[in-house]
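Thank you all for coming; I would like to walk you through one structure this morning, taking it slowly so that each step can be followed on the screen.

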Amino acid sequence: MKTQIIDLHVNGNLRTVTVRSADTLLYAIRGKLGLTGAKPGCLNGDCGACTVNVDGWPMKSCLMLAIEAVGKNVTTIEGLKNTPIQQAFIENFAFQCGYCTPGFIMNCHSLILKHPDADDATIKEWLESNICRCTGYTEIEKAVKSVLEKN
Amino acid sequence: MDVIGKSIIRKEAQDKVTGRARYTHDHHSNTMLSGKVVISPYGHAKIVKIDTIEARKMPGVRAILAGEHFPLTGEDIRDRPPLAVDKVRYHGEAIALVIADTPGQAKKAADRIKIQYELLPVVHSPIQAFQKDAPLVHERLGEYIKEKHTSPVPGTNIATHIKIRKGNMEKGWTESVTTVEADFSFPPSDHVAMETRCSIAEILPDGTIKIMTSSQAPFMVKQLIEKYFNEDIGKIIVETPLVGGAFGGKASVQLEILAYLGSKAVGGLPVKILNTREEDILMSPCHIGLDAKIKFGADHLGIIKVAEIRYLWDGGAYSDKAIDLTRAGAVDCTGPYNIENLWCDSYCMYTNHPYASPFRGFSHSELSFAIERTMDLLAQKLQIDPLELRYRNAIKQGHTTPTRVLLNQSNVGNLQKCIVRLKELIRWDEGQIKEINNRLVRVKGISCSWKTSTIDPNAPSGVILTFNRDGSINIMSGVVEIGTGTKTVLAQILAERLKMNVDNIHVRMEVDTQTTPEHWKTVASRGIYMAGRALLEAAEDVINQLREIASIVLRAPKEDLELADSRVFLRDNPLMGLHYKDICYGYQYPNGNSIGGQIIGKGNFIMRHLTHLDPETGAGKPGPEWTVAAYGVEVEFDRRDYTYRLVKAATVVDIGNVLNKKAALGQVMGAMSMGLAFAGRETFYFDEYGRVLNPQLRTYRPLHYGENPEYLVDFVHTPDLEAPYGARGVGEHGLLGMPGALGNALSVAAGVSLHHLPLIPELIWKTKEAKS
């Protein structure tokens with residue numbers, strides 16, 4: 001089993017980790033860095049529970065190898081501090097069990113940064129890549145729109 | 001009321017939006033080994049040979065379990081080997097377990113295990129299982145250990161048979177001028193909790209068994225490990241942190257057993273097993289399927305005089321919780337309608353499908369599809385408005401349930417009120433059908449439901465309250481936080497009762513069976529009812545103790561003391577009083593003398609007057625109360641290609657009393673979303689070998705953002721006099737009527753009677769083609 005030592009920029013810190021070439025970014029940030037906010041849900045890119053932000057874009061960390069993240073800026077849910085979208089999720093009851101929440105928030109956060117004036121179609125295009133099994137999605141819609149409206 | 005009804009933010013909210021909330025799989029240590037399960041690729045096959053030689057040579061492998069006869073498991077009938085021996089009975093059944101240092105090594109070794117099979121004929125459906133010449137799933141059914149009230153029929157695929165016999169069938173048919181009869185069916189499907197199941201087990205040198213698991217039933221894990229493996233129950237400690245969605249699927253005990261066996265095989269070292277999504281869908285228990293036959297007789301006004309019902313539940317390969325599901329389906333078999341002459345046979349059938357666990361609604365959304373479609377067929381036949389037909393037959397106080405429980409003003413909600421409110425909410429008077437253009441048509445369908453919770457008559461719940469030195473209170477309850485917010489609502493109930501600020505009440509989210517008082521299982525929308533009652537009793541205990549010590553210090557009789565805002569004070573002079581912080585750990589006089597001591601409140605609750613069912617007639621009291629609801633779904637249907645869009649979905653549920661507004665709305669809307677997905681798209685597709693062809697979230701698609709309809713939710717308030725603040729359970733009810741309402745809308749839209757789920761365009765097209 002080939003391992004290598006790589007440097008990852010995660011949440012503004014430079015972290016050195018030993019990984020196999022086959023290790024996903026999700027596996028590395030959870031298992032090696034203890035950042036367990038990103039969740040495994042399908043390991044197949046279908047559910048979005050593992051979404052993080054890579055160089056400003058939402059990325060399903062189960063679909064990216066850890067070694068591919070070298071030289072890139074990775075932000076996980078642990079890297080967000082008091083952002084409006086986190087508060088909006090709380091106020092709008094946009095989660096129940098909370099398992100999909102880090103992924104949804106990371107996706108919403110990137111959406112708000114990239115498309116501060118996103119319309120319904122854009123919001124749908126972005127958010128349909130994540131699955132929430134608890135809510136009926138209206139609370140998430142309200143949360144993301146409440147932040148977009150403030151912009 | 002100050003706190004009850006308010007949308008109090010859930011106590012664990014900050015953790016959940018910052019990634020700090022921890023679920024089972026988030027607990028990891030360097031010493032933890034990984035378990036990987038090898039699963040059956042076939043639905044029914046003899047295991048000829050298991051070759052683990054090469055696998056054992058792989059790096060990192062610590063142990064491989066396969067081919068060994070472990071004690072049989074199963075809640076009502078012990079029919080399930082933890083790892084299959086001799087034969088496999090469903091696609092996904094666990095056959096071998098590899099324990100290795102890392103998940104990657106375990107997987108690599110598992111891939112090297114070679115298993116030789118000999119295919120056996122597959123039982124594809126409950127109705128096939130019911131035929132006399134059907135292949136047997138369990139040849140030795142008569143030899144299994146079983147619970148007293150379960151009645152398997154050896155030599156068949158019948159795991160149990162629940163009979164409901166009520167009234168006089170002959171009289172019922174004589175009084176009927178019209179009859180409708182129809183069959184309905186759908187295959188099993190899945191819960192798709194976003195957190196796949198995960199269990200960690202460790203056995204300490206003194207024999208203490210520590211299990212951490214994503215479960216709705218940590219106390220049941222403890223009991224079953226004791227029962228199955230003859231372990232000392234006092235040495236079994238089960239911990240459950242936050243659970244990432246459950247929906248009934250985590251009420252079954254399965255992965256815990258494998259983790260326990262795994263740890264045992266490696267000298268007690270900690271072993272973690274995390275399901276992949278595919279394993280979670282295939283190996284772990286699923287959402288039950290059903291074959292139903294319904295026959296109603298009614299008079300010219302549409303009053304249902306008689307019903308003959310047969311439910312063949314698809315219990316799958318092992319009976320486990322399906323026995324209870326079969327019972328629950330019998331208990332409320334008629335839907336929320338008063339039918340005095342009734343005959344129902346509810347069978348739990350073995351098939352070669354993944355076995356069933358509870359699914360949100362516990363048999364009720366399933367039977368409701370069959371009943372509600374039949375109601376529409378009856379309405380159509382009699383040319384009566386379907387909403388009016390339901391109103392006329394609605395169950396209410398003074399009626400008896402199928403198991404002959406007399407309904408009163410408290411133990412059943414007001415269905416007629418729900419129907420009236422639904423009528424306004426969905427603008428029923430505007431008409432059921434609205435033409436948009438020559439292709440599109442908007443159509444509404446409606447349905448109703450009721451549900452009681454068929455649970456163990458001796459199911460307990462307990463609560464302990466302790467104080468912090470600032471006078472704030474800690475709640476310890478065995479309710480698992482699976483996403484329903486129940487523990488936050490418990491804090492609200494306590495705040496209301498003690499008239500104190502809810503921020504000064506802390507809730508322990510994690511459950512630890514050694515230190516948390518037992519709450520039977522976090523299921524059946526019974527968290528608030530049971531734990532709430534236990535909590536109120538604990539609150540009384542605390543109030544009594546606070547008054548007792550305060551009465552000494554204040555030199556006033558207990559009866560003259562009031563409590564509010566974390567103070568005990570004189571009723572007629574509130575300024576004279578004591579803050580909790582001054583008495584909750586005893587009161588100290590200026591000279592140092594102290595009296596009283598740490599105040600610890602305790603309360604418990606057990607269901608009152610529940611009974612087992614009579615084996616011949618079904619008579620008995622299965623649950624405490626019936627929550628009722630009415631539903632509507634509006635679709636935009638394309639008559640050219642049979643596709644449709646969900647426009648609106650409505651639920652009016654008699655909730656008794658709303659405890660947390662936004663949380664209650666969230667529960668109802670979330671359940672509706674899940675019900676619409678079950679009705680409209682979610683199913684297992686099987687091939688001829690009984691293999692599930694779509695065990696991935698790409699091919700098994702829950703609703704995604706933007707596919708949801710507009711939700712219309714409203715409440716009716718008929719308090720349950722036995723429940724905390726009158727509240728009825730509401731975690732499941734939004735789901736129950738969705739399949740029926742969607743089926744009714746699409747049947748009208750397409751002009752054919754639809755009898756199967758999921759209601760995909762292809763099904764509608766096929767039904768239409770078959771008719772023409």
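This is a predicted model: local features need pLDDT of at least 70, side-chain atom pairs count only at pLDDT 80 or more; totals for chains, interfaces and linings use all residues.

For chain A, the corresponding share from residues 24 or more positions apart is 60%.

Let me stay with chain B for a moment. Chain B contains 19 helices and 32 strands, and its radius of gyration is 27 Å, close to the 28 Å that the globule rule gives for 772 residues, so chain B is as compact as a globular protein of that length. Taken along the principal axes, the C-alpha atoms of chain B fill a box of roughly 95 × 70 × 50 Å, and 60% of its 772 residues are buried.

Which residues touch the most other members of the largest nonpolar core? That core has 298 residues, and the answer is Val98(B), Ile475(B), Leu494(B) and Leu746(B). If we take Leu494(B) as our example and leave aside its neighbours within four places in sequence, we find it in contact with Ile473(B), Ile475(B), Ile505(B), Leu535(B) and Ala539(B). As a general point, nonpolar side chains tend to be buried together in soluble globular proteins.

Now to chain A, which has five helices and five strands, arranged along the sequence in the pattern β-β-α-β-β-β-α-α-α-α. A compact globule with 151 residues would have a radius of gyration near 15 Å, and chain A, at 15 Å, agrees with that. The C-alpha trace of chain A spans about 45 × 30 × 25 Å along its principal axes, and buried residues make up 59% of the chain.

The helix I would like you to find is α1 of chain A, residues 25-32, which is mostly covered, with six of its eight residues buried. Those buried residues are Leu25(A), Leu26(A), Tyr27(A), Ala28(A), Ile29(A) and Arg30(A), and they pack against β1 (3-10) and β2 (13-20) of chain A. Just after α1(A), you will come to Gly34(A), which takes a positive phi of about 70°.

How is chain A divided into domains? The domain assignment gives domain 1, covering 3-77, and domain 2, covering 84-150. The contact between them takes 14 residues from domain 1 of chain A and 13 residues from domain 2 of chain A. On the side of domain 1 that touches domain 2, β3 (51-54) and β4 (57-60) of chain A each supply at least two residues, and the largest share, three residues, comes from β3(A). By class, that side of domain 1 has eight nonpolar, five polar and one charged residues.

Finally, let us look at where the chains meet: 38 residues of chain A are in contact with 41 residues of chain B. On the chain A side, α2 (84-91), α3 (101-114), α4 (120-127) and α5 (138-150) each supply at least two residues. Sorted by class, the side of chain A that touches chain B has 19 nonpolar, 13 polar and six charged residues.

Notes:
Residues are numbered from 1 along each chain as its sequence is written. Chains are lettered from A and ligands numbered from 1 in the order in which they are written. A nonpolar core is a set of buried Ala, Val, Leu, Ile, Met, Phe, Trp, Tyr and Cys residues joined through C-beta atoms within 7 Å. A residue is buried if 20 or more other C-beta atoms lie within 10 Å of its own, exposed if 12 or fewer, and partly exposed in between; C-beta atoms are placed from the backbone. Two residues are in contact if their C-beta atoms, placed from the backbone, lie within 7 Å. Domain bounds come from an automatic or database domain assignment. Helices (H or I, at least four residues) and strands (E, at least two) are DSSP runs, numbered from the N terminus. Ala, Val, Leu, Ile, Met, Phe, Trp, Tyr, Cys and Pro count as nonpolar, Asp, Glu, Lys and Arg as charged, and the others, Gly among them, as polar. The radius of gyration is taken over C-alpha atoms; the globule rule is 2.2 Å times the number of residues to the power 0.38.
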